[in-house]
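Take a walk through this structure, one region at a time. Keep the sequence beside you as you read.

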Amino acid sequence: MAEKALADEKPEVRSAAAASLGEMGAKTSIPKLKDATDDPEPTVVFAAAHSLIQLHDHYGYEVYYEILTGERKGSKGLIASQTAILKDPKKMAELGIQEGIGFIPYAGMGWEAVKVIRQDDSSPLRAAAVKILIEDPDPQTTKALEDALSDKHWAVRAVAVEALAKRDDPSVLDVVTPYMYDEKNAVKYTAAAAVLRLSAIKDSRAPVRLEGRRGKPAAGGVE
């Protein structure tokens, strides 16, 4: 019934169906959920992506990678089918609210986030995408997170620093360290904590293994 509902004419029904398949642990529905990530309604796409991640299918990360970078690896993606929506700052800001504003990594910064959204900015959604991508093991995502460090909005930069630290890959130390001198305190403090964490991992020679989509170690990766 849930799979059938993925084709319902009402987007709220399709979205609920996609979400329920993840909650049910319906791994046999993964192909249909992948198809749903090309739905014309963004809320359905997010629900399907979330369910794929719940089902431990890394394809779900592709949607959030696309939100952050503007392109999805290996498929046409939401940008290709809904360019107008994702290039509309107000719509992107609304989507950020719908996805939840819990991405802000520091207490007491809620008002700053509200001001960003009131400016019809898409940064809340990009920051939320960064938080989700922390768990994506693809090395290509590491590069995307490094690029996010130069985002014009402090919220995205701060979350990108946090994400790189939590991926426990000390090879990004040289990339993260300069942000200890960022103009925003939130970014500076997060970068300082990240440097301490990654330096400790480097000193302990803790093994880090990042795998590509095909499950093979990335070329030049750290093990």
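The axes of H12 and H14 come within 9 Å of each other and cross at roughly 10°. Axes here are lines fitted to C-alpha atoms, for helices over the stretch in contact, and angles run from 0 to 180 degrees between N-to-C directions. Helices (H or I, at least four residues) and strands (E, at least two) are DSSP runs, numbered from the N terminus. H12 and H14 are therefore roughly parallel to each other. The cut-offs are simple: angles under 35 degrees count as roughly parallel, over 145 as roughly antiparallel, 65 to 115 as roughly perpendicular and the rest as oblique.

This is a predicted model, where local features need pLDDT of at least 70, side-chain atom pairs count only at pLDDT 80 or more, and totals for chains, interfaces and linings use all residues. Residues are numbered from 1 along each chain as its sequence is written, and side-chain values use heavy atoms, with hydrogens and water left out.

Which residues of H12 and H14 meet? On the H12 side they are Trp154, Arg157, Ala158, Val161, Glu162, Leu164, Ala165 and Lys166. On the H14 side they are Ala186, Val187, Thr190, Ala191, Ala194, Arg197 and Leu198. Contact means heavy atoms within 4.5 Å. By class, the contact of H12 with H14 holds 10 nonpolar, 1 polar and 4 charged residues. For these classes, Ala, Val, Leu, Ile, Met, Phe, Trp, Tyr, Cys and Pro count as nonpolar, Asp, Glu, Lys and Arg as charged, and the others, Gly among them, as polar.

Stay with Arg157. It forms a salt bridge with Asp182, the closest N and O atoms being 2.9 Å apart. A salt bridge is a side-chain nitrogen of Lys or Arg within 4 Å of a carboxyl oxygen of Asp or Glu. This pair links distant parts of the chain. Asp182 sits in the loop between H13 and helix H14 (185-204), Arg157 in helix H12, and they are 25 residues apart. Both Asp182 and Arg157 are buried. Buried means under 20% relative accessible area, exposed over 50%, partly exposed in between (1.4 Å probe, protein chains only). Salt bridges that share partners also join Lys131, Glu162 and Lys166 into one network.

How many salt bridges are there by this rule? The count comes to 8. One of them joins the side chains of Asp57 and Lys34, at 3.6 Å from N to O. Asp57 lies in the loop between H4 and H5, and Lys34 in helix H3 (residues 30-36), so the pair ties together parts that are 23 residues apart in sequence. Asp57 is buried, at 15% relative accessible area. Lys34 is partly exposed, at 30%.

Another salt bridge joins the side chains of Lys143 and Asp147, at 2.9 Å from N to O. These two are 4 residues apart in helix H11 (residues 139-148), so about one helical turn separates Lys143 and Asp147. Lys143 is partly exposed, with a relative accessible area of 45%. Asp147 is partly exposed too, at 43%.

Now turn to another pair of helices. H2 and H4 pack at an angle of about 5°, with their axes 8 Å apart. That makes H2 roughly parallel to H4. H2 brings Pro11, Arg14, Ser15, Ala18, Ala19, Leu21, Gly22 and Glu23 to the contact. H4 brings Thr43, Val44, Ala47, Ala48, Ser51 and Gln54. The contact of H2 with H4 has 7 nonpolar, 5 polar and 2 charged residues.

Look again at Arg14. It belongs to helix H2 (residues 11-23). Is Arg14 buried or exposed? Arg14 is buried, because its relative accessible area is 9%. Its side chain makes a polar contact of 2.7 Å with the side chain of Asp39. A polar contact is a pair of N or O atoms within 3.5 Å; within protein, one must be able to donate a hydrogen and the other to accept it, and residues adjacent in sequence count only if both atoms are side-chain atoms. A polar atom of the Arg14 side chain also lies 3.0 Å from the backbone oxygen of Asp8.

Finish with two loops. Most residues other than glycine have a negative phi. His56 has a positive phi of about 65° although it is not a glycine. His56 lies in the loop between helix H4 (42-54) and helix H5 (61-69), and it is exposed at 65% relative accessibility. Asp168 also has a positive phi, of about 60°, and is not a glycine. Its place is the loop between helix H12 (154-166) and helix H13 (173-176). Asp168 is partly exposed, at 25% relative accessibility.
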